[in-house]
Amino acid sequence: MGKRKNIRNLVSSHQPYTKRSKCCFFTRTQVLSAVSIIIIAILILRYDDVAEVHRRFRVHVDRQYNLHMYGKLDYCTQPFQPDTLTEPLKLNIINQNEAIRQIISVVDNFKGGVSIALVGGSGVGKTLTCNILQSNFQWPSNVLYFIWSGVRSTSSNYYKIINWIKENLKTCGAYLVIVDSIDITYGETIQELNDEIRKEFRESDISILVVFVFNLATYSDDDLQTLDEKRLRLMDNLRGITTINFRPFDYDDVERCIVAESAKLNVTLNDEELSEIFEYIDVKRSGCKLIHAKIAMYT
């Protein structure tokens, strides 16, 4: 009997659910919208120019985005620091002292628009140089690394680069555009491409470093004798582009590459393994390009 009475008391004391009045119920979105309106109203009262309000709000949003994405509030406005590029080049590029000296001179004086052409055979450090520039550039969102393809048409290669620039161009820091693996026969096309790239950036008043990488393929001793002629023909087609020549490697250079790559991979090679690597490498055709993969087999 006592239990039934208690149950009746609980039932009678329970208040039925009543829907809240719409006038007193606000969603989180409504609250945030109201706060945003208040903030904008305050800014408008403080600044008569609505465009100035929008600009300041945009700057604030961009700075917070840069802090989240790149760890820097001043990501877009930070000054260019040449050492971020030049020091890694000095440490990692082997036996190309003159080429690296010229690149460092360009980087140290980088302002406005600068274009360079790295010219040389396979495995002499051109692509490694580009990888270092790319990985150490202060504005990683402003880097285009494009591989020129002989499979695609010339116009397809050309417009892929131009369209990327037009779609991504913004007033934030400087830009780095790298076009790798270009055959030397495309000299005139690259000159036209460079003119178009520089035009886009000149109109926007934004700084850009453009790096073109030309491969001088060699297949015989006769080809080695004509490398200088090929370089000269290329230079005739490249106006306003600083040509930087990477010298061909010999077996003394290969030995230094083996020492450097062995240290990176923490591998100690015996005499038999060293002889095998030397026999495997065709320095005239591939320079040091295949050494890393070969040494990795001994890990």
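This report looks at salt bridges in the structure above.

The model is predicted, so local features need pLDDT of at least 70 and side-chain atom pairs count only at pLDDT 80 or more, while totals for chains, interfaces and linings use all residues. Residues are numbered from 1 along each chain as its sequence is written, and side-chain values use heavy atoms, with hydrogens and water left out.

A salt bridge here is a side-chain nitrogen of Lys or Arg within 4 Å of a carboxyl oxygen of Asp or Glu. You'll find 8 of them in the structure, including these:

| Pair | Closest N to O |
|---|---|
| K90 and E87 | 3.3 Å |
| K264 and E261 | 3.7 Å |

Now for where they sit. Helices (H or I, at least four residues) are DSSP runs, numbered from the N terminus. K90 and E87 share helix α4 (residues 83-92), where they are 3 residues apart, about one turn of the helix. K264 and E261 are also 3 residues apart, about one turn, and both belong to helix α11 (residues 251-265).

What about K166 and E200? K166 is in helix α7 (residues 154-168) and E200 is in helix α8 (residues 187-204), so this pair ties together parts that are 34 residues apart in sequence.

Finally, are these residues buried or exposed? Buried means under 20% relative accessible area, exposed means over 50%, and partly exposed is in between (1.4 Å probe, protein chains only). E261 is buried at 17%, but K264 counts as exposed at 53%. E87, at 36%, is partly exposed.

Technical notes: Helix = DSSP H or I, 4+ residues; strand = E, 2+ residues; numbered from the N terminus.
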